[in-house]
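Trainee: Could you walk me through this one slowly?
Mentor: Gladly, have a look first and then ask away.
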Amino acid sequence: RRQVDIVCHIQATSPCLHPHHIREALQMITEQGCDYVFSVVRRHQFRWEEVDKKDCKNPTSLNIDVAHRPRRQDWHGELYENGSFYFSTRKALENGLKQLGKIAYYEMLPEYSVDIDVDIDWPVAEQRVLRFGYFGREENAAVRLFLCKVSGCLTNGQIFTSVSGEDHVAINARDVAGIQMLQRENIEVILMSCVNEPLSRGLLEKVAQLAGCGLWFGEQLNGLEVERLMKEKKLRWDKVAFMGSESEDREILSQVGLNGVPCDSVVADLIAAKYTCQRPAGNGAVREFAEYILMLKKKSLLQVLQEHIDRANF
């Protein structure tokens with residue numbers, strides 16, 4: 001039976017950790033002979049001694065000369081543990097980390113050093129992950145078809161009836177702009193609905209015309225119907241993105257390469273969506289998910305370019 005020689009403790013509260021961080025830190029043990037490696041980040045913070053106000057004692061600076069205070073951007077800073085990971089050899093761990101030989105730190109750039117400790121850290125972490133997070137080497141970044149439910153995604157589910165008895169719905173101009181952004185990047189957009197939903201086909205056609213995209217309308221919206229549509233367009237599941245809102249959308253959401261849900265949707269509490277919008281249905285959720293799809297596409301293209309450069313250099 002194979003024995004474990006190296007142990008790595010990775011903390012889930014550091015969501016911007018990338019595979020290359022782990023790989024490079026591991027090499028410090030396997031190739032440089034380290035027994036213990038931990039992650040750090042460079043901070044530019046001036047620290048002061050904590051004093052009891054009752055003692056009337058002046059605090060003392062711990063890492064700067066007050067008479068020659070530098071600009072923080074000109075100062076080399078200090079290293080702090082960022083809690084992303086801790087590597088150890090098996091032997092060192094079995095000894096309780098009391099008899100360590102060679103110890104080293106692995107310095108991570110600040111943009112990757114995100115630590116979630118309290119609730120107010122979440123908004124910052126979410127934005128940092130979108131810009132600097134790792135989204136895998138999956139092919140779903142190359143989305144070619146975006147399927148979007150009308151009721152509960154493009155609209156907020158409300159139907160307005162005029163004096164003359166005509167039904168109306170409201171759609172957000174930002175959502176329409178998001179659809180157009182996808183189309184400019186050669187991503188086809190199709191709105192989806194079925195006879196079980198309260199919107200009439202005529203009204204749905206007007207919405208699709210206003211949004212400038214196609215419309216799928218059938219007896220029932222399920223995985224089988226979407227698979228038929230994909231065969232017509234010669235696409236695989238991993239090339240399709242879907243935005244749903246109801247519990248019956250779970251089947252399709254679980255099969256597509258990329259899925260998204262509005263923050264106020266029923267299904268948001270039922271599945272672990274790959275992307276949960278901060279915006280509600282009918283109020284920018286489609287635009288937000290469209291921007292996310294395009295961001296993944298850009299990351300994918302940059303990755304391909306980087307790999308091409310690496311092959312050329314080596």
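Trainee: How far does helix α1 reach from its first C-alpha to its last?
Mentor: Helix α1 (residues 19-30) has 12 residues and reaches 16 Å, close to the 16 Å expected at 1.5 Å a residue, where the expected span is 1.5 Å times one less than the number of residues. Helices (H or I, at least four residues) and strands (E, at least two) are DSSP runs, numbered from the N terminus. This is a predicted model, in which local features need pLDDT of at least 70 and side-chain atom pairs count only at pLDDT 80 or more, while totals for chains, interfaces and linings use all residues. Residues are numbered from 1 along each chain as its sequence is written, and side-chain values use heavy atoms, with hydrogens and water left out.
Trainee: Which residues of α1 are buried?
Mentor: They are His 21, Ala 25, Met 28 and Ile 29, with buried meaning under 20% relative accessible area, exposed over 50% and partly exposed in between (1.4 Å probe, protein chains only). They cover an arc of only 100 degrees around the axis, which puts them on the same side of α1; the arc is that of the directions from the helix axis to the C-beta atoms.
Trainee: And what about β2, how many of its residues are buried?
Mentor: In β2, 6 of the 8 residues are buried, so this strand is largely enclosed by the rest of the structure.
Trainee: How does β2 run relative to β3, parallel or antiparallel?
Mentor: β2 and β3 run antiparallel, joined by 7 bridges, and two strands pair if DSSP finds at least two bridges between them. Tyr 36 has Ser 88 as its bridge partner in β3, and Tyr 36 also stands opposite Ile 103 in β4.
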